[in-house]
Amino acid sequence: MSPSSRPVSKAAAKRVTRSQSRSILISDKRRRQEAAYSEERVDSESTKECDWRDNLQQPKTMNEAQLWFARFQELKSYKAEHGHCNVPVQSKRKLGNWVNSQRKQYRLLQEGKQSSMNDERVGNLKSIGFEWSPGSRMHDQSKWNAMFE
């Protein structure tokens, strides 16, 4: 007798049924939660303007372009408060790392290597006065000052 043609006991049939019903209940619960979340999100977005900070708290639902834009908005706020875009990693770890990553991606783009940087992003960063290599400006300034000593 093959395993598939073997008679199944009622107890075994109930176990399978219980297991399947539990799985169905869990799936239905997840679907209801996702539907409720989607409806809630649509309602909140239609009744008020979305704050970019909300997106930073939900990185799993954001794609790479949305995350980039959210960090860019955060950088604009940082510049408005501090007057520059040179974010120290020590005080603002995520934003500081993102800024350093933009500089690295820009260098890769300049070298013709694969990069997530594109012309639109370069334009956005240039529009707020982003410095691609802030250390070199300081070096040039010290050279300039040395000429007058």
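Entry 1: I began with the exposed side of helix 5, where I found Asp 119, Glu 120 and Ser 127. The model is predicted, so I kept to its terms: local features need pLDDT of at least 70, side-chain atom pairs count only at pLDDT 80 or more, and totals for chains, interfaces and linings use all residues. Residues are numbered from 1 along each chain as its sequence is written, and side-chain values use heavy atoms, with hydrogens and water left out. Exposed means over 50% relative accessible area, buried under 20%, and partly exposed in between (1.4 Å probe, protein chains only). Helices are DSSP runs (H or I, at least four residues), as are strands (E, at least two), numbered from the N terminus.

Which residues of helix 5 are buried? In this helix, residues 119-127, I noted Arg 121, Val 122 and Leu 125. Viewed down the axis of helix 5, the buried residues fall within an arc of 100°, so they line one face of the helix; the arc is that of the directions from the helix axis to the C-beta atoms. They pack against helix 3 (64-82) and helix 4 (93-110), where contact means heavy atoms within 4.5 Å.

**Entry 2: the ends of the helix.** I found Asn 118 capping the N-terminal end of helix 5, with a side-chain oxygen 3.2 Å from the backbone nitrogen of Glu 120. After helix 5 comes Gly 129, with a positive phi near 80°.

**Entry 3: salt bridges.** I took a salt bridge as a side-chain nitrogen of Lys or Arg within 4 Å of a carboxyl oxygen of Asp or Glu. How many are there in the whole structure? The search finds three.

One joins the side chains of Arg 121 and Glu 64, at 3.0 Å from N to O. Arg 121 is in helix 5 and Glu 64 in helix 3, so this pair ties together parts 57 residues apart in sequence. Arg 121 has a relative accessible area of 8% and is buried, whereas Glu 64, at 47%, counts as partly exposed.

Another pairs Arg 71 with Glu 74, at 2.9 Å from N to O. They are three residues apart in helix 3, about one helical turn, and both are buried. I also logged Lys 113 with Glu 111, whose closest N and O atoms are 3.4 Å apart.

**Entry 4: the core.** A nonpolar core is a set of buried Ala, Val, Leu, Ile, Met, Phe, Trp, Tyr and Cys residues joined through side-chain atoms within 4.5 Å. Which members of the largest one touch the most other members? Of its 16 residues, they are Leu 75, Trp 98, Leu 125, Phe 130 and Trp 132. Helix 3, helix 4 and helix 5 each supply at least two residues of this core.

Beyond its neighbours within four places in sequence, its contacts include Arg 103, Met 117, Val 122 and Leu 125.

**Entry 5: an arginine in helix 4.** Arg 103 belongs to helix 4. Is Arg 103 buried or exposed? I have it as buried, with a relative accessible area of 9%. Past its neighbours within four places in sequence, Arg 103 contacts Cys 85, Asn 86, Phe 130, Glu 131, Trp 132 and Pro 134.

**Entry 6: the whole chain.** I counted six helices and zero strands in the protein chain. Of its 149 residues, 19% count as buried.

Note on methods. Polar contact = N/O pair within 3.5 Å; in protein donor to acceptor, adjacent residues only side chain to side chain.
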